[in-house]
Amino acid sequence: MKHSINRQLCVAPMLDWTDRHCRYFHRLISSEVMLYTEMVTCPAILRGEKDKYLGFSAAESPVALQLGGSDVKDLALCAKIAEDMGYAEINLNVGCPSDRVQKGRFGACLMREPELVAECFAAMHEAVDIPVTIKSRIGVDDEDSFEHFIGFIDAVRSAGCQTFIIHARKALLKGLSPKQNRTVPPLKYDFPYRLKAMHPDLEVIINGGIDTVELATEQLNHVDGVMVGRAFWNAPWLIREMHDAMGLKKQLLTRDEVLLSYAEYCQAMIDQGLSLHWLIRPILGLYHGLPGNKKWKSYLVTEAPRRKADVRVIQEAKEWVKDVS
Ligand SMILES: Cc1cc2nc3c(=O)[nH]c(=O)nc-3n(C[C@H](O)[C@H](O)[C@H](O)COP(=O)(O)O)c2cc1C
């Protein structure tokens, strides 16, 4: 029996962004949001740099590890390592279109190999007791019909997969950068909607372009959950606003308290040798759209690189937004 996880609201895996510090900060904002790591490849884990790539704090829990790979044995091995380290879910990346990832035969190009994805899923599912999920696109290149999409889902579903996170646009594997692949192909929300209608037993989480509370809550009329990426990076307090709008457990920490707790965390990280200028990245958008926001940000990005071990920079920057709670 796999444990159940609340995926009504999720922060998307984002390379270089959703590192352990970002996740720690997001967890202070919401106790209920489901957090995903950046994609970590199997070779990176198996080379022996386990702590560098998988280290995380229990305070971030529950966290899903997103794996990149297509070697069945390696994926099963890595899934087990992650389970033993305390991860709550394993997610397989079937959505990244970068050249490097394509060369390694994983990410979005795996949508062309549903049987292999099914095998990978089955091996991981067999290896661990925590849930294994898939994050995919709705298609690749000209294999973009609903029938193709359902063909992919059906193959993986037959292997026992219950949860699909769908970035609702196809990927173009040639000619577009990963960044363009997050804006150029149009969003087609009807694909995940139709999937859920066809298979109400599956858990379907929708992703792509969701950037307001209204849009997020509306999705719950069609699918089981919402995954948000860039909008949460730009405006992390939106996590709390969506959390509240979805009626998730009431929070105790105010925005000020979240910031104070994160500053304490930064001090602990600085004591371990980290630099403040890296640690401030997740909080830059905390006052997005509010008076003083620009000065808050510019104070942080100017002072933190100069005073890499001085956590007081955060409280000084807060002076620019002191009327905001
Ligand atoms: C900087 C950045 C890095 C990303 N890295 C990953 C990744 O490691 N794994 C993944 O599945 N998707 C990755 N994505 C894609 C996001 O998870 C998400 O699917 C995409 O941004 C669409 O959601 P959004 O419109 O809410 O941002 C990344 C996106 C961004 C902006």
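The model is predicted, with local features needing pLDDT of at least 70, side-chain atom pairs counting only at pLDDT 80 or more, and totals for chains, interfaces and linings using all residues. Residues are numbered from 1 along each chain as its sequence is written, and side-chain values use heavy atoms, with hydrogens and water left out.

Let us start at the ligand. There are 17 residues around the ligand, where near means having a heavy atom within 4 Å. Those that come nearest are Gln66, Asn207, Gly209, Gly229 and Arg230. By class, this shell holds 7 nonpolar, 7 polar and 3 charged residues. Here Ala, Val, Leu, Ile, Met, Phe, Trp, Tyr, Cys and Pro count as nonpolar, Asp, Glu, Lys and Arg as charged, and the others, Gly among them, as polar.

Now look at the side chains that reach oxygen atoms of the ligand. An N or O atom in the side chain of Arg230 is 2.7 Å from a ligand oxygen, a polar side-chain atom of Lys135 lies 2.9 Å from one, and for an N or O atom in the side chain of His167 the distance is 3.4 Å. Taken alone, the ligand exposes 600 Å², and the protein buries 91% of that (areas by the Shrake-Rupley method with a 1.4 Å probe).

Next, the space itself. Rolling a probe the size of a water molecule over the atoms shows where empty space is left. On a 1 Å grid over the protein atoms alone, a pocket is an open set of points where a 1.4 Å probe fits, with protein on both sides within 12 Å along at least five of seven lines, and lining residues have an atom within 4 Å of a point. The ligand takes up the space of the largest pocket (more than half of its atoms lie within 2 Å of the grid points). That pocket has a volume of about 780 Å³, and among its 33 lining residues, Pro13, Met14, Leu15, Lys135 and Arg182 lie nearest its centre. The lining divides into 15 nonpolar, 10 polar and 8 charged residues. Strands E4 (89-94) and E8 (225-228) and helices H5 (99-103) and H10 (230-234) each supply at least two of the lining residues.

The second largest pocket contains about 480 Å³ of space. Of its 22 lining residues, Glu38, Met39, Val40, Lys52 and Tyr53 are the closest to its centre. Strand E2 gives the largest share of the lining, 5 residues. By class, this lining has 9 nonpolar, 4 polar and 9 charged residues.

Technical notes. Polar contact = N/O pair within 3.5 Å; in protein donor to acceptor, adjacent residues only side chain to side chain. Points joined across faces, edges and corners; volume = space filled by probe spheres on them. Helix = DSSP H or I, 4+ residues; strand = E, 2+ residues; numbered from the N terminus.
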